[in-house]
Amino acid sequence: MNNQFVSSETAWCPGCGNFSIIDTLVGVLNELDLSPHKVVLVGGIGQAAKTNQYVSANGFSGLHGRSIPAAVAIKLVNDDLTVIVNTGDGDSYGEGGNHFIHNIRRNVDITHFVHDNQIYGLTKGQTSPTSDACQLDHKTSACNLSTPFNPLLVAIACGATFVARSFTGRKDHLAMVMAAAIRHKGYALVDILQPCVSFNKVNTHSFYDKRVQELDASYDSSNKMAAIEKTMEFGDTIPIGILYQEKGLTYEDKHPQLFNDVPVIHKAHNMDDINELFKDFI
Ligand SMILES: Cc1ncc(C[n+]2csc(CCOP(=O)(O)OP(=O)(O)O)c2C)c(N)n1
Ligand code: SF4
Ligand SMILES: [Mg+2]
């Protein structure tokens, strides 16, 4: 355990679920005894995506919807690094939806924490892919005229090797799931239910608090069919925990020539050759 990771002042609204995530993340990084210079926190654009700007580690903020390709690129050039994405439901599943799907299929060893407030927080409350379906009397928050996106079901269908859900109101549970996701070898998705107190007046802390139910000890997270069924429970009961986990070859395992025990970034390269290539772009 070290105390090298700390968080700094944020611009989030008082009461935002993101505070629970950042506190838990910092605690888990310290608990896992990682070094800040070996950790890269990546985000796209949004409230959740700002997380990397508030934690004492390396950070990269990309474009909206492009956090995953940036994280994958970082990991593939330097697999010595622990690469963790913190970003929103809109960023991950909406504008970044195509990257979400196809990078799951690659199984690169990165961790993806989705701060799922079921809304576009930064841009003041529009519908996100995970917003609830509209009811005829829906007046207070954005809602989906389209069928809501089920990220955990899609992730398992695409071959994800670690699929979990947690809730900002259960910090011990969140810490357990985050640590397991970071330790997992391969792509790990954790969808974190995160109330947006300013714009989502339906999916509030007490809404989730009444519904979340931890998977019981007899639950077998290696049973894919059972996990698929679990991902479809999202209503009066919302299961939280590691819904599915398997051991699988990573993209890196399948490309030993990329690494050969030396991260790409440390391989010998000739700047003259590189400069020659750049001339095409001048
Ligand atoms: C390419 C591009 N499209 C759209 C936007 C506008 N935009 C910024 S953040 C955002 C949504 C953020 O929602 P989410 O990812 O759920 O994050 P939250 O703010 O809820 O944490 C949108 C649409 C943008 N900045 N760039
Ligand atoms: S708008 Fe919502 S998600 Fe953004 S900081 Fe405020 S409470 Fe959090
Ligand atoms: Mg959001």
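Tutor: What follows is a discussion of the ligands, the cavity and the pockets in a predicted model.

Student: Which residues come nearest to ligand 1?

Tutor: There are 16 residues around ligand 1, and Q47, G90, D91, G121 and L122 come nearest.

Student: What lies 2.8 Å from a polar backbone atom of G90?

Tutor: An oxygen atom of ligand 1 lies at that distance from G90. L122 also has a backbone N or O atom 2.8 Å from an oxygen atom of ligand 1.

Student: And which atom of ligand 1 does the side chain of E95 approach?

Tutor: E95 places a polar side-chain atom 3.2 Å from a nitrogen atom of ligand 1. As for burial, ligand 1 taken alone exposes 580 Å², and the protein buries 76% of that area.

Student: Which helix gives the largest share of the shell around ligand 1?

Tutor: Helix 3, which spans residues 89-95, gives the largest share, with four residues.

Student: How does that shell divide by class?

Tutor: The shell around ligand 1 comprises five nonpolar, eight polar and three charged residues.

Student: Changing topic: which residues surround ligand 2?

Tutor: Ligand 2 is surrounded by W12, C13, C16, Q47, N117, Q194, C196, V197, S198 and F199.

Student: How many residues of the shell around ligand 2 are charged?

Tutor: None is charged; the shell around ligand 2 divides into six nonpolar and four polar residues.

Student: And where does ligand 2 sit?

Tutor: Ligand 2 sits in the largest cavity, which holds about 90 Å³ of space. A search of the whole structure finds one cavity of 30 Å³ or more.

Student: What lines the largest cavity?

Tutor: The lining consists of W12, C13, C16, N18, Q47, N117, G121, Q194, C196, V197, S198 and F199. By class, these are six nonpolar and six polar residues, with no charged ones.

Student: Finally, what is the volume of the largest pocket?

Tutor: The largest pocket has a volume of about 280 Å³. Of its 16 lining residues, T130, P148, F149, N150 and F234 lie nearest its centre.

Student: And how does its lining divide by class?

Tutor: The lining of the largest pocket comprises seven nonpolar, five polar and four charged residues.

Terms used. Residues numbered from 1 in each chain as written. Chains lettered and ligands numbered in written order. Predicted model: local features only at pLDDT ≥ 70, side-chain atom pairs only at ≥ 80, totals over all residues. Heavy atoms only, no water. Near = heavy atom within 4 Å. Polar contact = N/O pair within 3.5 Å; in protein donor to acceptor, adjacent residues only side chain to side chain. Areas by Shrake-Rupley, 256 points an atom, 1.4 Å probe, with all protein chains shown as cover. Helix = DSSP H or I, 4+ residues; strand = E, 2+ residues; numbered from the N terminus. Nonpolar A, V, L, I, M, F, W, Y, C, P; charged D, E, K, R; others polar. 1 Å grid on protein atoms, 1.4 Å probe; cavity = no way out; pocket = protein on both sides within 12 Å on 5 of 7 lines; lining within 4 Å. Sits in = over half its atoms within 2 Å of the grid points. Points joined across faces, edges and corners; volume = space filled by probe spheres on them.
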